[in-house]
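Subject: A structure for you to look at

Hi there,

Here is the structure I promised you. Have a look at it first, and then read my notes below.

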Amino acid sequence: MDVMRTVKYEAELDKHFGQRIMKHSGCDKISECIQCGTCSSTCPVSLYMDFTPRKLMAMVKAGFKDEALRSHTLWLCSSCYSCTVMCPAQIKITDVMYSLKRMAIEEGIYPKRFPTPALAQAMADIIAKNGRNSEMGVVMEMSLKTNPFGLLKMAPMGLSLILKGRMEIRDFFHRDKINNRKQLQDLLKGLKQREAQ
Amino acid sequence: MTTYGYYPGCSLHSSSKAYEKSLKSVFKVLNLDLKELNDWNCCGATAYFGVDKDMAMAVSGRNLAMAEQQGLKELVAPCAGCYLTLKKANEYLKDHPGDHINKTMDRVDLHYAGKVNVRHPLEVLSTDTGLPAIAAAVKRPLKEWKVASYYGCQMVRPYKDFDDPYHPQSMDEIMKALGAEAVDYPYKTRCCGGSLTGTVEDVGLRLVYMLFKEIAKHGANIIATACPLCHFNLDVYQKKVSTMFKDKFDQAQGSTFTPIPVVHFTQIIGYAFGVDKRQLGFSDLMTQPGKLIQG
């Protein structure tokens, strides 16, 4: 019989994880979480998450970094801000989710075939290049990276949108561009340089 | 004539052209000028915050700074995602003058003094214009219309600037002023699934289903939205959801799912104001309002 330890020893935790997150903007109040569960009960997607928002807050505080960053919860959060508005400790839970998402992407430990991070990245890339996005261009980019066959499934919907004039073939190639792309790119470059320092 | 700056975002130029058309028509009737922000860039939506917070603030910062340079003190964003993102950046940039994001913006001629107000058209119509002026402009009172106003999430949360985050009334009040019946139901601000319908479809469509179930139960014959993504999810995915959850609908209603038209709230106002229906983009909808609309 193979046995596996299912409990983590304290020494294996990243003890300062919670404090590091707390330095991010909007995340300063995590330590005040009283585990009341208001966030999980008001969350429209908590029932599909691997860790509910309440559990995730406890994990962050306690230093379960790996588990928190690998969690699907981050990518199911739809940013509806219900938890943030309801939280009696005024924790901006949606912003905590954003911070965890960024860390997961930076450390490359997000679930790879999960489309949400690919969508976020595709959107950021297109903005940096063109300054504007097309809804369909983003979906296309994301699907090619995660599930190209899924595009076939979307074809009937795409066709009905084209027939209604709500989508154009050229949208796929995100041709819509701003005039002053240089300004936007210099702005993003300037911020990147600072981050690198 | 009052001038409002206009930030269309990606949707109002593609999947939600009807929202733009009807918004412009309504503003015209009310003698409000809508001036599009020159060279606006994508707001980055909620997705960008999950990639890079500083850059997310800065891309919206560019729009705000340009609005200020172009003399647009009020910037109207009809998409709830754009509205929230611009508001979030606005708050941050005002609260952190002289920080590295503001400084980097200064270096590329995007100095921002924090003088722009970000507004949603629903807010403009319900607070600036007001109900009496709206009621006075009605040419076609909406008899027989039972409207379920769906507010969605990001227009009322986390910023509660003009309505309640869970039990908003502003859109319902406008519908009543137009002569319609405002249908009360509990899921007015529950998430429509947002981009989950495109990423984690199984979860996204469940959220759409729950809204339809609740709205049908309360007897509405039309749904009004105030966000292009809410509209897309309820309008375009309606057929798919009705097939996917057929059994559940049958159980809940004791009959089969009846398709329900989903329209931008400005289309309803425009219709009540007597605007030619062809100018309001009704033909773009997947489920037509049918008998509700005449002439």
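How many residues of chain A are in contact with residues of chain B? The count is 48 residues of chain A, meeting 48 residues of chain B, where contact means that two C-beta atoms, placed from the backbone, lie within 7 Å. By class, chain A's side has 24 nonpolar, 15 polar and 9 charged residues. (Ala, Val, Leu, Ile, Met, Phe, Trp, Tyr, Cys and Pro count as nonpolar, Asp, Glu, Lys and Arg as charged, and the others, Gly among them, as polar.)

Before going on: this is a predicted model, where local features need pLDDT of at least 70, side-chain atom pairs count only at pLDDT 80 or more, and totals for chains, interfaces and linings use all residues. Residues are numbered from 1 along each chain as its sequence is written, while chains are lettered from A and ligands numbered from 1 in the order in which they are written.

Now for one pair of helices (DSSP runs of H or I, at least four residues, numbered from the N terminus). The axes of α11(A) and α3(B), residues 53-69 of chain B, come within 10 Å and cross at roughly 150°; axes are lines fitted to C-alpha atoms over the stretch in contact, with angles from 0 to 180 degrees between N-to-C directions. The two helices are therefore roughly antiparallel, a term for angles over 145 degrees. Here A:L184, A:L187, A:L188 and A:L191 meet B:D54, B:M55, B:A58 and B:R62.

Finally, helix α1 of chain B has 13 residues, 17-29. Just after α1(B), B:N31 takes a positive phi of about 65°.

Best wishes

Conventions:
The expected span of a helix is 1.5 Å times one less than its number of residues. Angles under 35 degrees count as roughly parallel, over 145 as roughly antiparallel, 65 to 115 as roughly perpendicular and the rest as oblique.
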